[in-house]
Amino acid sequence: MTSPEIASLSWGQMKVQGSNTTYKDCKVWPGGSRTWDWRETGTEHSPGVQPADVKEVVEKGVQTLVIGRGMSEALKVPSSTVEYLKKHGIDVRVLQTEQAVKEYNALVAQGVRVGGVFHSTC
């Protein structure tokens with residue numbers, strides 16, 4: 001199963017190949033995507049992306065996880081989250097969201113089992 005491409009990105013809107021949903025923030029993995037609802041884990045810009053935010057994507061068997069920190073990189077990624085991913089043998093890439101989407105789509109094109117969590121505003 002391959003990871004879906006991010007079809008489009010603009011401020012506050014993301015479209016993922018194979019989904020009719022327009023996402024503000026989303027999680028993607030080989031074979032699927034869904035809304036990333038920060039309220040599920042109490043996520044805020046600071047301290048940022050928690051291990052609980054990425055656990056679902058990790059459990060989908062990804063090799064690489066791309067984290068989009070927002071258009072202005074307001075979303076933080078604490079070292080505890082990076083360490084959690086590395087402990088699970090996952091290559092992690094933390095980037096500004098536009099760069100993260102480019103990186104993610106490049107990995108999809110290479111056939112990597114890649115997942116992502118993307119914040120499409122600040």
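## Overall fold

A compact globule of 122 residues would have a radius of gyration near 14 Å; the protein chain has 13 Å, which agrees. The model is predicted. Its C-alpha trace spans about 30 × 30 × 25 Å along the principal axes.

The protein chain holds 3 helices and 8 strands. In sequence order, the pattern runs β-β-β-β-β-α-β-α-β-α-β.

## Packing and contacts

Buried residues account for 48% of the 122 residues in the protein chain. Take the contacts between residues at least 6 apart in sequence: 70% of them join residues at least 24 apart.

## Surface and charge

The protein chain exposes about 5900 Å². Carbon and sulfur atoms supply 47% of that area. The charged side chains number 14 positive and 13 negative. The centres of these two sets lie 2 Å apart.

## Aromatic pairs

The structure contains 2 aromatic pairs. One joins Trp-36 and Trp-38, with ring centres 5.7 Å apart and planes at 50 degrees, so the pair is tilted. Trp-36 has 3% relative accessibility and counts as buried. Trp-38, at 13%, also counts as buried, because the cut-off for buried is under 20%.

Tyr-104 and Phe-118 also pair. Their ring centres lie 5.6 Å apart and their planes meet at 85 degrees, so this pair is edge-to-face. The pair links distant parts of the chain. Tyr-104 sits in helix H3 (residues 97–109), and Phe-118 in strand E8 (residues 114–119), 14 residues apart. Both Tyr-104 and Phe-118 are buried.

Terms used: Residues are numbered from 1 along each chain as its sequence is written. This is a predicted model: local features need pLDDT of at least 70, side-chain atom pairs count only at pLDDT 80 or more; totals for chains, interfaces and linings use all residues. Side-chain values use heavy atoms; hydrogens and water are left out. Helices (H or I, at least four residues) and strands (E, at least two) are DSSP runs, numbered from the N terminus. The radius of gyration is taken over C-alpha atoms; the globule rule is 2.2 Å times the number of residues to the power 0.38. Buried means under 20% relative accessible area, exposed over 50%, partly exposed in between (1.4 Å probe, protein chains only). Contact means heavy atoms within 4.5 Å. Accessible areas come from the Shrake-Rupley method with a 1.4 Å probe; for residues, only the protein chains shown count as cover. Lys and Arg count as positive and Asp and Glu as negative; His and the chain ends are not counted. The place of a charge is taken as NZ of Lys, CZ of Arg, CG of Asp or CD of Glu. Rings of Phe, Tyr and Trp (its six-membered ring) pair if their centres lie within 6.5 Å; planes under 30 degrees apart count as stacked, over 60 as edge-to-face and the rest as tilted.
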